[in-house]
Amino acid sequence: MFRCVLGSSVKYLASLPVLRHHHLLHNRMSTSPPAPVAAVCQLTATPDKEANFSACKQLLEEAGQRGASMVFLPEGFDYIGSSREETLSLSETLGGDTISRYTQLARRLGVWLSLGGFHERGHDWEKDRRIYNSHIIINDKGDIVSVYRKSHLFDVELPEKGVSLKESAFTIPGASLVAPVQTPIGKVGLGVCYDLRFPELSLALQRHGSEILTYPSAFTLATGAAHWEVLLRARAIETQCFVLAAAQVGRHHDKRSSYGHALAVDPWGDVVGDCGGEKPGMVLVEIDLEKVNTTRRNMPVQQHRRDAAFYQSLSQS
């Protein structure tokens, strides 16, 4: 497991190369090339878009300096509004200033970006003032190569847990999944936060070639403590994929806080990186796709799966 790099602490940054040294030395001694590195980030977004961009920029620059090929930011990386009105008023199109700045950063740093949970104005914005919750992949040349719009919206009332959110009040559900994206770390399948609770989505992405699943999130304190890790590990185990989940952490404003614990899980279901539940930071993880191949070869779950009709048929005897 890799230690999470917290903020800009020199102590944590200085320790990181030691933690990675054994893995890189092992790779140099083997005949295979070094495995690519993913940076899975967590931050505390607020309604202040400029402050959020500054925090994300720092994380991206540190990840690039540490050798990451692809950097994952959480849902709401652009901002987390304190009201429906504020959330809508701060939204932008994909062609707006926020995504333009990230495409420039990707190009300058030479890294791929997963921007999970961008507040994208809908196609009929002038008429209905509704948005998408969009997961955007940007390549190292600064091109937008994929956009997935969150398809399962978080409409949940848990009075005993102090949770009350209705995402559908201002968000349009995405119309479809998108094909996994070939990246420097492997084929990445895209989800967002609440999508994590629907195994049909992860299994569909796995059938279409995903080696890595990603769920950028902003889990509540109550649902995070109860379900976050177990759901991520379940998705990894059932699909035999790496699962990378960037996360929001801490207090965003008076009305909302997030659980944190940005996680990386390997295809066997082991947690190989955890950012904890207190501060912004990142975890760097080597993505060795041979782990995917070995896990699937030794336990060929997908070959053992019956056809779809079987799971819809129940014997009455």
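Ser217 is buried, with a relative accessible area of 0%, where buried means under 20% relative accessible area, exposed over 50% and partly exposed in between, for a 1.4 Å probe and protein chains only. This is a predicted model, in which local features need pLDDT of at least 70 and side-chain atom pairs count only at pLDDT 80 or more, while totals for chains, interfaces and linings use all residues. Residues are numbered from 1 along each chain as its sequence is written, and side-chain values use heavy atoms, with hydrogens and water left out.

The protein chain has nine helices and 17 strands, these being DSSP runs numbered from the N terminus (helices H or I with at least four residues, strands E with at least two). Of its 317 residues, 51% are buried. Among contacts (heavy atoms within 4.5 Å) between residues at least 6 apart in sequence, 70% join residues at least 24 apart.

Ser217 lies in the loop between β11 and α7. Apart from neighbours within four places in sequence, Ser217 is in contact with Pro74, Glu75, Cys193, Trp228, Ala246, Ala247 and Gln248. The contacts of Trp228, with neighbours within four places again set aside, include Ser217, Phe219, Tyr259 and His261. Trp228 is also among the members of the largest nonpolar core that touch the most other members, together with Ile185, Leu232, Leu244 and Ile287, in a core of 44 residues. A nonpolar core is here a set of buried Ala, Val, Leu, Ile, Met, Phe, Trp, Tyr and Cys residues joined through side-chain atoms within 4.5 Å. A second, separate core of 28 residues includes Cys41, Ala106, Leu115 and Leu284.

Cys56 belongs to helix α2 (residues 49-65), and beyond its neighbours within four places in sequence its contacts are Leu43, Leu73, Phe77 and Tyr102. Cys56 counts as buried because its relative accessibility is 0%, and Cys41 likewise counts as buried at 0% relative accessibility. Between Cys56 and Cys41 there are 15 residues of separation in sequence and 8.8 Å in space, C-alpha to C-alpha. With a disulfide taken as a pair of cysteine sulfur atoms within 2.5 Å, the count comes to zero disulfides.

| Cysteine | Nearest cysteine sulfur | Distance |
|---|---|---|
| Cys41 | Cys275 | 7.4 Å |
| Cys56 | Cys41 | 7.8 Å |

In helix α6, the residues Leu201, Ser202, Leu203, Ala204, Leu205 and Gln206 are buried. Their cover includes the strands β6 (144-149), β10 (186-190) and β11 (212-214), as well as the helices α7, α8 (289-298) and α9 (301-304). After α6 comes Gly209, whose phi is positive, near 105 degrees.

The axes of α6 (residues 199-207) and α7 (residues 221-239) come within 10 Å and cross at roughly 40 degrees; axes are lines fitted to C-alpha atoms, for helices over the stretch in contact, and angles run from 0 to 180 degrees between N-to-C directions. At this contact Pro199, Ser202, Leu203 and Gln206 of α6 meet Arg235, Glu238 and Thr239 of α7. The residues of the contact divide into two nonpolar, three polar and two charged, on a scheme in which Ala, Val, Leu, Ile, Met, Phe, Trp, Tyr, Cys and Pro count as nonpolar, Asp, Glu, Lys and Arg as charged, and the others, Gly among them, as polar.
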